[in-house]
Amino acid sequence: MSTLGVGILGSGPVTQAIHLPALARLTDRFTVRAVMDVSETTAAEVAARVGARATTSMDDLLRDDSVDVVAVCSPHQFHADQVIAACRAGKRAVLCEKPFATSTDEAARIAQVSAETGVPILVGAMHTYDPGWLNFVEAWGPTAGSAGHVRCSAVLPPNPRFEDFATEVSNRVAPGGRPLNTPEARVSRLRDGILGLAIHDLPLIRAFLDTTDDVVVHAARTLTPFGYLVVFSCGEQVVELHAHMSANWKPSWTFHVYADDRVGLVDFTPSYVQAGSATATIESPGRQVRLGPADHNGYVEEWRHLHEVAEGGLPRYRPAELIADLTFALDVSARAVAALEGALAPVGAR
């Protein structure tokens, strides 16, 4: 098994508390060669942890011949251009944090450049790679249209608690003092929640839907200090999306599917916890199937898969699927935001 050199674009908490710990479990497959951040201090501190070279220049990192694969962990608005640049630099594969684009036009550009250059792209929505989820889907059987109701719920403490469990985060950006309950702030929090948190589960939801052409949002609310509650339907299938961050002692992140003849539950570990995979249960009258946990989570699995793809294997999720997932997420976000804006509008303006 060859060892591939990794270059990382963006050195914030996701890189420090998720990807570096995951890569530390895979030293037989990867060596971090270069770390880039716009902050020279952050790049230097993070690179020093893994014996890598620090830089503040994307172009400098992409010119580095020791970098075989690139992880894009920068803010969302830079993802598309950086993924395309990594493809054009001739790297062997690219892993991009979610969402890998901010519009379907950007996603189409990425897919086109990936096809032109032959550089495969993986998107870091960790639940889609979690061994617990993969085992659940295999045990469930064909998913599309197989459940009438899907519920995703995440009750978590704020990210810094888990980041601090995983590592010492360098130069964490302090939360801004923005108001929480103005209409504009609530709309922004709902959009950020769907495209930053719910986006981990929207591909799982889409797998169970007959169609995503007719999304109807029935309720959309924000929760304080951070969270959301969105109920929508696609045809006769109903979906609940719920998340709330609070100082609770026992975090929970669950995915439920309800069919006429069985109920499925996938119980995920929190994002920053390197504590094995999700577990899953499928119950039907007189029968219960329990699955997992595996010894690694979705982040480790996506890096393992990236190695396979860089060595010539086929990506588990092709560009058309990634674009469909993104299109669905953008559609749900836009319709939920519109529903919330309608609910917040003055009575005479509705």
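This report covers helix packing, the nonpolar core and selected residues of the structure above.

## Basis

The model is predicted: local features need pLDDT of at least 70, side-chain atom pairs count only at pLDDT 80 or more, and totals for chains, interfaces and linings use all residues. Residues are numbered from 1 along each chain as its sequence is written, and side-chain values use heavy atoms, with hydrogens and water left out.

Helices (H or I, at least four residues) and strands (E, at least two) are DSSP runs, numbered from the N terminus. Contact means heavy atoms within 4.5 Å. Buried means under 20% relative accessible area, exposed over 50%, and partly exposed in between, with a 1.4 Å probe and protein chains only.

Two packed helices are described by the angle between their axes and the distance between the axes. Axes are lines fitted to C-alpha atoms, for helices over the stretch in contact, and angles run from 0 to 180 degrees between N-to-C directions. Angles under 35 degrees count as roughly parallel, over 145 as roughly antiparallel, 65 to 115 as roughly perpendicular and the rest as oblique. A crossing is left-handed if the near helix is turned anticlockwise from the far one by less than a right angle, and right-handed if clockwise. For residue classes, Ala, Val, Leu, Ile, Met, Phe, Trp, Tyr, Cys and Pro count as nonpolar, Asp, Glu, Lys and Arg as charged, and the others, Gly among them, as polar.

H1 spans 13–24. Its axis comes within 12 Å of that of helix H2 (residues 40–49), and the two cross at roughly 20°. H1 is therefore roughly parallel to H2. The crossing is right-handed. Thr-15, Gln-16 and Leu-20 of H1 meet Thr-42, Val-46 and Arg-49 of H2. This contact holds two nonpolar, three polar and one charged residues.

H1 also packs on helix H10 (298–310). Here the angle is about 60°, with the axes 9 Å apart. This crossing is right-handed. Ile-18, His-19, Ala-22 and Leu-23 of H1 meet Tyr-299, Val-300, Glu-302 and Trp-303 of H10. Six of these residues are nonpolar, one is polar and one is charged.

## The nonpolar core

A nonpolar core is a set of buried Ala, Val, Leu, Ile, Met, Phe, Trp, Tyr and Cys residues joined through side-chain atoms within 4.5 Å. The largest one has 103 residues. Ile-205, Phe-232, Leu-241, Phe-255 and Trp-303 have the most contacts inside it. Helix H11 (residues 319–344) gives the largest share, eight residues.

Trp-303 touches Val-6, His-19, Ala-22, Leu-23, Leu-26, Phe-30, Val-69, Ala-71 and Leu-95, leaving aside residues up to four places away in sequence.

## Helix H4

Helix H4 (residues 79–88) is mostly covered, with seven of its ten residues buried. These are His-79, Ala-80, Gln-82, Val-83, Ile-84, Ala-86 and Cys-87. Their cover includes strands E1 (4–9), E4 (69–72), E5 (93–97) and E6 (121–124), and helices H3 (58–62) and H5 (104–117). After H4 comes Gly-90, whose phi is positive, near 80°.

The axes of H4 and H5 come within 9 Å and cross at roughly 5°. The two helices are therefore roughly parallel to each other. H4 contributes Ala-80, Asp-81, Val-83, Ile-84, Cys-87 and Arg-88 to the contact, and H5 contributes Glu-106, Arg-109, Ile-110, Val-113, Ser-114, Glu-116 and Thr-117. By class, the contact has six nonpolar, two polar and five charged residues.

## Two arginines

Arg-29 sits in the loop between H1 and strand E2 (30–36). It counts as buried because its relative accessibility is 17%. Leaving aside residues up to four places away in sequence, Arg-29 touches Met-1, Ser-2, Thr-3, Leu-4, Arg-304 and His-307.

Arg-287 lies in strand E14 (residues 287–291). At 54% relative accessibility, Arg-287 counts as exposed. Its C-alpha atom is 9.4 Å from that of Arg-262, 25 residues apart along the chain.

## Cis peptide bonds

The bond from Thr-224 to Pro-225 is cis, with omega near 0°. Pro-225 lies in the loop between strands E8 (215–222) and E9 (226–234). Pro-225 is partly exposed, at 47% relative accessible area. Pro-225 and Gly-5 are 40 Å apart, C-alpha to C-alpha, and 220 residues apart in sequence.

The bond from Gly-292 to Pro-293 is cis, with omega near 5°. Pro-293 is placed in the loop between E14 and H10.
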